[in-house]
Amino acid sequence: MRIGSSIALIVIGAIVAFALDIQVSGIDLRLIGYILMAAGIVLLIISLAVGFGGRRTSTTTRSGIDPASGEQITRQERRDGTY
């Protein structure tokens with residue numbers, strides 16, 4: 001789950017907990033709303049922690065021989081960013 005779905009859980013939980021005035025026997029809708037909000041907050045914190053976990057660098061080195069000149073060629077690629 002990402003940030004958007006975490007916020008959606010918080011909003012749906014708030015609507016269920018505070019805006020609905022429906023009585024269902026055996027089910028406490030206010031408690032279900034609080035549980036949805038808590039789950040949304042926990043998932044939001046996890047999403048933010050993973051998303052801002054830091055930058056990672058990936059380096060790839062390839063070697064080969066140029067067929068025309070016979071020289072050895074080494075190519076190095078570097079990628080920066082979060083994955």
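Buried means under 20% relative accessible area, exposed means over 50%, and partly exposed lies in between, with a 1.4 Å probe and protein chains only as cover. Keep that scale at hand for the tour.

This is a predicted model, in which local features need pLDDT of at least 70, side-chain atom pairs count only at pLDDT 80 or more, and totals for chains, interfaces and linings use all residues. Residues are numbered from 1 along each chain as its sequence is written, and side-chain values use heavy atoms, with hydrogens and water left out.

**Whole chain**

The chain holds two helices and two strands. Read from the N terminus, the order is α-α-β-β. Helices (H or I, at least four residues) and strands (E, at least two) are DSSP runs, numbered from the N terminus.

Turn the model along its principal axes. The C-alpha atoms fill a box of roughly 85 × 20 × 15 Å. The radius of gyration is 26 Å, whereas a compact globule of 83 residues would have one near 12 Å. That radius is taken over C-alpha atoms, and the globule rule is 2.2 Å times the number of residues to the power 0.38.

Now colour by accessibility. Of the 83 residues, 12% count as buried. The accessible surface comes to about 6700 Å², and carbon and sulfur atoms own 60% of it. Areas come from the Shrake-Rupley method with a 1.4 Å probe; for residues, only the protein chains shown count as cover.

Contact means heavy atoms within 4.5 Å. Among contacts with a separation of 6 or more, 42% join residues 24 or more positions apart.

**Stop 1: Ser6**

Select Ser6, in helix H1. Ser6 counts as buried because its relative accessibility is 0%. Show its neighbours: Ser6 touches Gly40, Leu43, Leu44 and Ser47, leaving aside residues up to four places away in sequence.

**Stop 2: helix H2**

Select H2 next. It has 23 residues and reaches 32 Å from first C-alpha to last, close to the 33 Å expected at 1.5 Å a residue. The expected span is 1.5 Å times one less than the number of residues.

Which residues of H2 are buried? They are Gly33, Met37, Gly40 and Ser47. H1 is part of what covers them.

An α-helix has 3.6 residues a turn, so residues three or four places apart point the same way.

**Stop 3: Leu29**

Stay in H2 and pick Leu29. Leu29 touches Val16, Ala17, Ile22 and Val24, not counting residues up to four places away in sequence.

**Stop 4: the nonpolar patch**

Select Ile3, Ile7, Val11, Ile15, Leu20, Ile22, Val24, Ile27, Ile32, Leu48 and Phe52. Together they make a nonpolar surface patch of about 950 Å². Patch residues have over 30% relative accessible area and no salt bridge; like charges are joined within 9 Å, nonpolar side chains (Val, Leu, Ile, Met, Phe, Trp, Tyr) within 5 Å. A salt bridge is a side-chain nitrogen of Lys or Arg within 4 Å of a carboxyl oxygen of Asp or Glu.

H1 (3-19) and H2 (29-51) each supply at least two patch residues. H1 gives the most, with four.

Zoom in on Ile15, in H1. Ile15 counts as partly exposed because its relative accessibility is 43%.

**Stop 5: Thr60**

Finish in strand E1 (residues 56-65) with Thr60. Thr60 counts as partly exposed, since its relative accessibility is 34%. Thr60 touches Arg75, Gln76 and Glu77, with residues up to four places away in sequence left out. Draw a line to Tyr34: the C-alpha atoms are separated by 48 Å, and the residues are 26 apart along the chain.
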